[in-house]
Amino acid sequence: MSDSKLAGQFFDAAIGLLQRVRDECAEDVEAAGALIADTVAEGGRLFAFGAGHSSLAAQDVVYRAGGLALMNLLAVPGVVGVDVMPATLGSALERVDGLAGAVLDCSPLRSGDLLVIISLSGRNALPVEMAMNARALGVKVIGVTSVAYASETTSRHVSGTYLKDHCDIVLDSKIAVGDAELTLDAIEAPFAPASTVVTSALLQAVMATAAGALAGRGIEPPLLRSGNVDGGHEWNGRVMTEYGDRIFYRR
(Lines give C-alpha, C1' and ligand atoms only; values in the text may rest on other atoms or scores of the structure.)
Protein backbone atom coordinates (compact mmCIF):
# COMPACT_ATOMS: atom_id res chain seq x y z
CA MET A 1 0.00 0.00 0.00
CA SER A 2 1.33 3.45 -0.91
CA ASP A 3 2.04 6.06 1.73
CA SER A 4 -0.35 8.42 -0.04
CA LYS A 5 -3.17 5.89 0.27
CA LEU A 6 -2.55 5.62 4.01
CA ALA A 7 -2.60 9.40 4.25
CA GLY A 8 -5.92 9.47 2.44
CA GLN A 9 -7.32 6.80 4.77
CA PHE A 10 -6.33 8.86 7.79
CA PHE A 11 -7.98 11.98 6.38
CA ASP A 12 -11.11 9.96 5.66
CA ALA A 13 -11.13 8.56 9.21
CA ALA A 14 -10.65 12.00 10.75
CA ILE A 15 -13.35 13.54 8.56
CA GLY A 16 -15.70 10.71 9.47
CA LEU A 17 -15.15 11.33 13.16
CA LEU A 18 -15.66 15.07 12.73
CA GLN A 19 -18.93 14.45 10.91
CA ARG A 20 -20.01 12.07 13.64
CA VAL A 21 -19.37 14.46 16.52
CA ARG A 22 -21.00 17.26 14.53
CA ASP A 23 -24.17 15.22 14.11
CA GLU A 24 -24.27 13.29 17.39
CA CYS A 25 -22.94 15.93 19.80
CA ALA A 26 -24.82 18.97 18.49
CA GLU A 27 -27.03 19.35 21.58
CA ASP A 28 -24.11 18.92 23.97
CA VAL A 29 -21.99 21.44 22.05
CA GLU A 30 -24.88 23.91 22.19
CA ALA A 31 -25.29 23.35 25.93
CA ALA A 32 -21.57 23.72 26.57
CA GLY A 33 -21.44 26.96 24.59
CA ALA A 34 -24.42 28.31 26.51
CA LEU A 35 -22.81 27.39 29.84
CA ILE A 36 -19.61 29.23 28.89
CA ALA A 37 -21.67 32.24 27.81
CA ASP A 38 -23.53 32.14 31.15
CA THR A 39 -20.22 32.11 33.01
CA VAL A 40 -18.84 35.06 31.06
CA ALA A 41 -22.03 37.07 31.44
CA GLU A 42 -22.15 36.43 35.19
CA GLY A 43 -18.56 37.52 35.81
CA GLY A 44 -17.02 34.07 36.11
CA ARG A 45 -13.62 32.98 34.87
CA LEU A 46 -12.83 30.23 32.35
CA PHE A 47 -10.14 27.56 32.67
CA ALA A 48 -9.03 24.55 30.64
CA PHE A 49 -7.02 21.53 31.75
CA GLY A 50 -5.66 18.49 29.98
CA ALA A 51 -2.87 16.05 30.78
CA GLY A 52 -0.41 14.59 28.30
CA HIS A 53 -1.49 15.05 24.71
CA SER A 54 -4.94 16.08 25.93
CA SER A 55 -3.27 19.31 27.04
CA LEU A 56 -2.76 20.22 23.37
CA ALA A 57 -6.50 20.81 22.95
CA ALA A 58 -6.58 22.80 26.20
CA GLN A 59 -3.72 25.01 25.03
CA ASP A 60 -5.45 25.49 21.67
CA VAL A 61 -8.22 27.57 23.28
CA VAL A 62 -5.93 29.73 25.46
CA TYR A 63 -4.55 33.08 24.22
CA ARG A 64 -5.70 32.19 20.75
CA ALA A 65 -6.48 34.52 17.87
CA GLY A 66 -10.21 34.24 17.26
CA GLY A 67 -10.71 32.73 20.71
CA LEU A 68 -12.13 33.93 24.00
CA ALA A 69 -9.60 36.03 25.89
CA LEU A 70 -10.96 34.76 29.21
CA MET A 71 -9.90 31.15 28.72
CA ASN A 72 -6.97 30.36 31.01
CA LEU A 73 -4.78 27.24 31.12
CA LEU A 74 -4.86 25.36 34.41
CA ALA A 75 -1.36 23.95 34.27
CA VAL A 76 -0.12 21.04 36.36
CA PRO A 77 3.70 20.89 36.32
CA GLY A 78 4.92 17.72 34.70
CA VAL A 79 1.72 16.79 32.85
CA VAL A 80 1.35 19.56 30.26
CA GLY A 81 2.10 17.82 27.00
CA VAL A 82 5.52 16.17 27.19
CA ASP A 83 7.16 18.98 29.17
CA VAL A 84 8.90 16.70 31.66
CA MET A 85 11.81 14.28 31.38
CA PRO A 86 11.42 11.40 31.19
CA ALA A 87 8.15 11.85 29.32
CA THR A 88 6.79 8.74 31.03
CA LEU A 89 6.74 10.67 34.32
CA GLY A 90 3.80 12.68 32.99
CA SER A 91 1.77 9.51 32.56
CA ALA A 92 2.69 8.40 36.07
CA LEU A 93 1.60 11.72 37.58
CA GLU A 94 -1.88 11.32 36.04
CA ARG A 95 -2.35 8.31 38.32
CA VAL A 96 -1.32 10.02 41.57
CA ASP A 97 -4.17 10.30 44.06
CA GLY A 98 -4.52 13.71 45.70
CA LEU A 99 -2.61 15.69 43.09
CA ALA A 100 -5.74 17.33 41.70
CA GLY A 101 -6.74 18.62 45.13
CA ALA A 102 -3.33 20.18 45.67
CA VAL A 103 -3.48 21.84 42.26
CA LEU A 104 -6.94 23.31 42.84
CA ASP A 105 -5.99 24.53 46.32
CA CYS A 106 -3.18 26.57 44.73
CA SER A 107 -5.22 27.77 41.75
CA PRO A 108 -7.41 30.87 41.38
CA LEU A 109 -10.51 28.75 40.68
CA ARG A 110 -13.54 29.74 42.74
CA SER A 111 -17.28 29.22 42.85
CA GLY A 112 -18.94 30.57 39.72
CA ASP A 113 -16.03 29.71 37.45
CA LEU A 114 -16.00 27.08 34.71
CA LEU A 115 -13.38 24.40 34.04
CA VAL A 116 -13.02 22.40 30.83
CA ILE A 117 -11.30 19.08 31.57
CA ILE A 118 -9.94 17.09 28.64
CA SER A 119 -9.00 13.45 29.08
CA LEU A 120 -9.31 10.94 26.27
CA SER A 121 -9.73 7.92 28.53
CA GLY A 122 -11.16 9.76 31.54
CA ARG A 123 -9.96 6.86 33.70
CA ASN A 124 -6.96 8.27 35.56
CA ALA A 125 -7.07 9.74 39.05
CA LEU A 126 -6.02 13.26 38.02
CA PRO A 127 -8.92 14.17 35.68
CA VAL A 128 -11.48 12.31 37.81
CA GLU A 129 -10.44 14.07 41.02
CA MET A 130 -10.06 17.38 39.18
CA ALA A 131 -13.72 17.19 38.19
CA MET A 132 -14.91 15.98 41.58
CA ASN A 133 -13.02 18.64 43.53
CA ALA A 134 -13.88 21.44 41.14
CA ARG A 135 -17.60 20.76 41.43
CA ALA A 136 -17.27 20.63 45.20
CA LEU A 137 -15.92 24.21 44.98
CA GLY A 138 -18.97 25.33 43.00
CA VAL A 139 -17.16 25.28 39.65
CA LYS A 140 -19.04 24.13 36.56
CA VAL A 141 -17.26 21.32 34.67
CA ILE A 142 -17.34 20.48 30.98
CA GLY A 143 -15.64 17.15 30.28
CA VAL A 144 -14.23 16.21 26.89
CA THR A 145 -13.56 12.48 26.72
CA SER A 146 -14.19 9.26 24.84
CA VAL A 147 -17.13 7.64 26.59
CA ALA A 148 -16.17 4.28 25.06
CA TYR A 149 -13.34 3.93 27.58
CA ALA A 150 -15.85 3.72 30.44
CA SER A 151 -17.27 0.49 29.07
CA GLU A 152 -14.07 -1.04 27.71
CA THR A 153 -11.44 -0.19 30.36
CA THR A 154 -11.12 -0.19 34.14
CA SER A 155 -11.11 3.05 36.09
CA ARG A 156 -7.83 3.90 37.81
CA HIS A 157 -9.57 5.97 40.49
CA VAL A 158 -10.46 4.44 43.84
CA SER A 159 -14.13 5.31 43.28
CA GLY A 160 -14.28 3.23 40.13
CA THR A 161 -15.68 6.22 38.26
CA TYR A 162 -14.58 8.15 35.18
CA LEU A 163 -14.37 11.79 34.20
CA LYS A 164 -17.77 11.55 32.50
CA ASP A 165 -19.38 10.76 35.85
CA HIS A 166 -18.46 14.11 37.40
CA CYS A 167 -19.31 16.71 34.77
CA ASP A 168 -22.15 19.13 34.18
CA ILE A 169 -21.80 18.50 30.45
CA VAL A 170 -19.91 15.71 28.65
CA LEU A 171 -18.62 16.05 25.10
CA ASP A 172 -17.96 12.59 23.68
CA SER A 173 -15.12 12.64 21.14
CA LYS A 174 -16.21 9.20 19.81
CA ILE A 175 -12.56 8.12 19.64
CA ALA A 176 -12.12 4.34 19.76
CA VAL A 177 -10.21 2.84 22.67
CA GLY A 178 -6.51 2.94 21.83
CA ASP A 179 -6.73 6.13 19.71
CA ALA A 180 -5.43 4.69 16.44
CA GLU A 181 -7.39 4.86 13.23
CA LEU A 182 -5.32 2.69 10.88
CA THR A 183 -4.00 -0.84 10.71
CA LEU A 184 -1.74 -2.59 8.20
CA ASP A 185 -0.76 -6.26 7.95
CA ALA A 186 2.93 -5.33 7.83
CA ILE A 187 2.69 -3.26 11.04
CA GLU A 188 1.89 -4.99 14.32
CA ALA A 189 0.51 -1.98 16.20
CA PRO A 190 -2.44 0.17 15.12
CA PHE A 191 -1.39 3.74 14.29
CA ALA A 192 -2.50 7.26 13.26
CA PRO A 193 -4.27 8.83 16.28
CA ALA A 194 -7.04 11.34 15.62
CA SER A 195 -8.00 12.44 19.13
CA THR A 196 -6.20 15.80 18.94
CA VAL A 197 -7.91 16.71 15.66
CA VAL A 198 -11.37 15.82 16.94
CA THR A 199 -11.02 17.21 20.46
CA SER A 200 -9.65 20.53 19.23
CA ALA A 201 -12.48 20.80 16.71
CA LEU A 202 -15.07 20.02 19.38
CA LEU A 203 -13.73 22.75 21.63
CA GLN A 204 -13.52 25.32 18.86
CA ALA A 205 -17.15 24.51 18.00
CA VAL A 206 -18.06 25.15 21.63
CA MET A 207 -16.17 28.46 21.65
CA ALA A 208 -17.91 29.55 18.46
CA THR A 209 -21.24 28.66 20.02
CA ALA A 210 -20.39 30.63 23.16
CA ALA A 211 -19.42 33.70 21.13
CA GLY A 212 -22.70 33.54 19.25
CA ALA A 213 -24.67 33.09 22.46
CA LEU A 214 -23.05 36.16 24.02
CA ALA A 215 -23.70 38.24 20.93
CA GLY A 216 -27.32 37.08 20.99
CA ARG A 217 -27.64 38.55 24.48
CA GLY A 218 -26.21 41.86 23.39
CA ILE A 219 -22.79 41.18 24.97
CA GLU A 220 -19.69 41.69 22.86
CA PRO A 221 -17.70 38.44 23.12
CA PRO A 222 -14.21 39.13 24.54
CA LEU A 223 -12.38 37.75 21.52
CA LEU A 224 -8.73 38.09 20.63
CA ARG A 225 -7.50 39.09 17.19
CA SER A 226 -4.32 37.91 15.50
CA GLY A 227 -1.29 39.94 16.46
CA ASN A 228 -0.13 39.54 12.86
CA VAL A 229 -2.85 41.75 11.39
CA ASP A 230 -2.81 45.53 11.53
CA GLY A 231 -4.46 46.76 14.70
CA GLY A 232 -4.42 43.34 16.33
CA HIS A 233 -2.21 44.27 19.27
CA GLU A 234 -4.27 47.39 19.98
CA TRP A 235 -7.49 45.40 19.91
CA ASN A 236 -6.08 42.74 22.23
CA GLY A 237 -4.74 45.36 24.60
CA ARG A 238 -8.20 46.85 24.96
CA VAL A 239 -9.79 43.46 25.63
CA MET A 240 -7.11 42.48 28.15
CA THR A 241 -7.46 45.78 29.98
CA GLU A 242 -11.24 45.48 30.16
CA TYR A 243 -11.14 41.88 31.39
CA GLY A 244 -7.78 41.93 33.16
CA ASP A 245 -9.22 40.65 36.44
CA ARG A 246 -10.28 37.43 34.69
CA ILE A 247 -7.12 36.81 32.67
CA PHE A 248 -4.33 34.92 34.45
CA TYR A 249 -1.91 34.01 31.66
CA ARG A 250 -0.39 37.50 31.75
CA ARG A 251 0.55 37.43 35.44
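At 53% relative accessibility, Tyr63 counts as exposed, because the cut-off for exposed residues is over 50%. The model described here is predicted. Tyr249 has a relative accessibility of 25% and therefore counts as partly exposed. These two tyrosines form an aromatic pair, one of three in the structure. The pair of Tyr63 and Tyr249 is tilted, with 5.5 Å from centre to centre and 45 degrees between the planes. Tyr63 belongs to the loop between helix H3 (54-60) and strand S2 (71-73), while Tyr249 belongs to the segment after helix H9 (232-242), so the pair ties together parts that are 186 residues apart in sequence.

The ring of Trp235 is approached by two arginines. The charged end of Arg225 sits over this ring at 4.0 Å from its centre. The charged end of Arg238 also sits over the ring of Trp235, at 4.5 Å from the centre.

Helix H8 covers residues 195-216 and has 22 residues. At 1.5 Å a residue, H8 should span 32 Å, and the 31 Å between its end C-alpha atoms agrees with this expectation. The buried residues of H8 are Ser195, Val198, Thr199, Ser200, Leu202, Leu203, Val206, Met207, Thr209, Ala210, Ala211 and Leu214. An α-helix has 3.6 residues a turn, so residues three or four places apart point the same way. Among the buried residues of H8 are Val198, Leu202, Val206 and Ala210. Just after H8, Gly218 takes a positive phi of about 80 degrees.

Note on methods:
Residues numbered from 1 in each chain as written. Predicted model: local features only at pLDDT ≥ 70, side-chain atom pairs only at ≥ 80, totals over all residues. Heavy atoms only, no water. Helix = DSSP H or I, 4+ residues; strand = E, 2+ residues; numbered from the N terminus. Expected span 1.5 Å × (residues − 1). Buried < 20%, exposed > 50% of the residue type's maximum accessible area, 1.4 Å probe, protein only. Phe/Tyr/Trp six-rings, centres within 6.5 Å; stacked < 30°, edge-to-face > 60°. Lys NZ or Arg CZ within 6 Å of the ring centre and 35° of its normal.
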